[in-house]
Amino acid sequence: MSHVLSEETHRNMLARIPQCTGREVADWLRTVDEGPSLFRFEEKVSWLRHEHDLAYGHAKAIIHEYDLRRAARKLL
């Protein structure tokens, strides 16, 4: 699931998302959760980019975070 170059890059992208998009990361994660049931990482990124007019890097960071949190929930 290594779709982001480094953890630092990922954290930096997440930190900029609210300023760049006007929405908090939690809002974006809910949007992904309520969106279509896509399985492949790039399909989810593409959907988020085109449906919500996001930059590729922001969409990629949101989907990566979504997948990380979903995996963490499965471990509990």
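Visitor: Does Arg40 count as buried or exposed?
Guide: At 52% relative accessibility, Arg40 counts as exposed; the classes are buried for under 20% relative accessible area, exposed for over 50% and partly exposed in between, with a 1.4 Å probe and protein chains only. The model is predicted, with local features requiring pLDDT of at least 70 and side-chain atom pairs pLDDT 80 or more, while totals for chains, interfaces and linings use all residues. Residues are numbered from 1 along each chain as its sequence is written, and side-chain values use heavy atoms, without hydrogens or water.

Visitor: With which residue does Arg40 form a salt bridge?
Guide: Side chains of opposite charge can pair when their charged atoms come close. Here Arg40 forms a salt bridge (a side-chain nitrogen of Lys or Arg within 4 Å of a carboxyl oxygen of Asp or Glu) with Glu43, the closest N and O atoms being 3.8 Å apart. Glu43 is partly exposed, at 32%.

Visitor: How many salt bridges does a search of the whole structure find?
Guide: The search finds six. One of them joins Arg11 to Glu7, with 3.6 Å between the closest N and O atoms. These two residues are separated by about one helical turn because they lie four residues apart in helix H1, residues 7–21; helices are DSSP runs of H or I with at least four residues, numbered from the N terminus. Arg11 is partly exposed at 48%, and Glu7 is exposed at 59%.

Visitor: Which side chain does Lys44 meet in a salt bridge?
Guide: Lys44 meets Asp67, at 2.8 Å from N to O. Lys44 lies in helix H3 and Asp67 in helix H4, so the pair ties together parts that are 23 residues apart in sequence. Both Lys44 and Asp67 are buried. Through shared partners, salt bridges join Lys44, Asp67 and Arg70 into one network.

Visitor: What volume does the largest pocket have?
Guide: Rolling a probe the size of a water molecule over the atoms shows where empty space is left. A pocket is an open set of points on a 1 Å grid over the protein atoms alone, where a 1.4 Å probe fits, with protein on both sides within 12 Å along at least five of seven lines; lining residues have an atom within 4 Å of a point. The volume, the space filled by probe spheres set on points joined across faces, edges and corners, is about 200 Å³ for the largest pocket.

Visitor: Which residues line the largest pocket?
Guide: Among them are Val32, Phe39, Lys44, Trp47, Tyr66 and Arg70. Helix H4 gives the most to this lining, with three residues.
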